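Have a look at the sequence and the structure first.

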Amino acid sequence: MRRVLVTGLGGAGRTTVAAATALSAARGGRRTLFLSADPGEVLGVPVTAPLGAPAGISGNLWAARLDAGTDFRAEFLDLQERASAALDLLGAARMEDEELTSLPGSDQFALLRALVLTAGGDWDVVVVDMPPLPETIALLGLPEELRRYLRRLLPRERQAARALRPMLAQLAGVPMPAQWLYETTGRWDTELAGVQSVIESRGTVLRVVAEPGPRSAAALRTARTGLALHGLRVDALVANRNLPQDPAGPWLAGLLAQQEKCLHEWHGSWAPATPLRRVPHLGRDPQGLDDLALLDADHGPAGDGPDEGLAPAAGPDGDGDELRADPPGKRYAEGDLFVWELELPGAVKEELSLVRRGDELLIDAGAFRRILPLPSALRRCTVAGAGLTDGVLKVRFTPDPALWPRTR
């Protein structure tokens, strides 16, 4: 299965490009599911079907609506049922489905759960309309962060046997965590691990949508650092709303020149690792399958070769759900030092911060942060220094004589 998570800068038309991507894959003969908060608006037909029973749109294309309110109510009622014994003991009044309203953040959690549910479907391609790019980067890094919090706050290895709990509580003089707390934590960790495995699988890629222009170029330079820091793989950069090559009028010619300048910059910085795909401006807001089909036209920039279209390719890694290599970056020896090299394109030295804390490395790059566990060999080393050159961060480690095996 191929999962294409379509995100982009605000107002760049990511929902339209996501729908056109799904249509292109379906017309290529692959069973395709399109997920969005409101898929009917861009498809031109009303779609209220939930993820469990998607609606057939045309041929190999199905669509389903991501309903955060329904998802939140179902999860809340399930949690209430699991905690029924404790709630009854406290005399709490049960909440009913009709009186529940979704809370801030429920949209994001509903989307993450949808990613896991699609893994069990009989689909060749799943195209998901994601939030704006900065929110998507934070959202896809959330399962890893939450699992770390759970491990720190309630480590599994410290869970005592149920029979010893009363004795340990008496010796310690404080109540021991109840068994249900460990069981709940374990269930959460299992669910988060499932989401994380989907995000980190080789079959999951991001597709970034932006409208060529100075503001978009600056925003993409910043966001590209966050994408690399979190190890998110981008299969294509989609330049949306491209003007025709022979515009009528001098002011359109000026806009076209501005777009072409931005496109050549993107082609030089993103390609060849990330293809640049151009989508034409239709002169109107695309709506319906006929308009979406027009967006998949051959519209490659002059001198950069023909465009590959919007249909997602299998790529060299295949469409399977095998996990990508972890931890990120590459490690090698350099004299008496070990070097951990991480690619952070677009990173600015003044906005970069590194902190070694125990067996973890905390990296802040502008608005983005990730806490990486150190590989086993580097845990027995001390940090000797770090440097950022041409978008590559190199952290140097010195073996700690007190922890490193001695050789004669």
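## Charged pairs, a helix and a core

At 1% relative accessibility, R278 counts as buried, where buried means under 20% relative accessible area, exposed over 50%, and partly exposed in between (1.4 Å probe, protein chains only). Before going on, a word on the background: this is a predicted model, in which local features need pLDDT of at least 70 and side-chain atom pairs count only at pLDDT 80 or more, while totals for chains, interfaces and linings use all residues. Residues are numbered from 1 along each chain as its sequence is written, and side-chain values use heavy atoms, leaving out hydrogens and water.

So who does R278 pair up with? Its side chain meets that of E260 in a salt bridge, 3.0 Å from N to O (a salt bridge is a side-chain nitrogen of Lys or Arg within 4 Å of a carboxyl oxygen of Asp or Glu). R278 sits in strand 8 (residues 276–280) and E260 in helix 10, 18 residues apart, and the pair links distant parts of the chain. Helices (H or I, at least four residues) and strands (E, at least two) are DSSP runs, numbered from the N terminus. E260 is buried too, with a relative accessible area of 14%.

The whole structure holds 14 salt bridges, and here are three of them:

| Pair | N to O distance |
|---|---|
| R221 and E265 | 2.5 Å |
| R278 and E260 | 3.0 Å |
| K394 and E341 | 3.9 Å |

K394 belongs to strand 15 (residues 392–399) and E341 to strand 10 (residues 337–343), 53 residues apart. Salt bridges that share partners join K330, E341 and K394 into one network. K394 is partly exposed at 34% relative accessibility, whereas E341 is buried at 12%.

Last stop, the nonpolar core. The largest one has 87 residues, and F34, L43 and W266 are among those with the most contacts inside it. Such a core is a set of buried Ala, Val, Leu, Ile, Met, Phe, Trp, Tyr and Cys residues joined through side-chain atoms within 4.5 Å. Helix 1 (residues 14–27) gives this core its largest share, eight residues.
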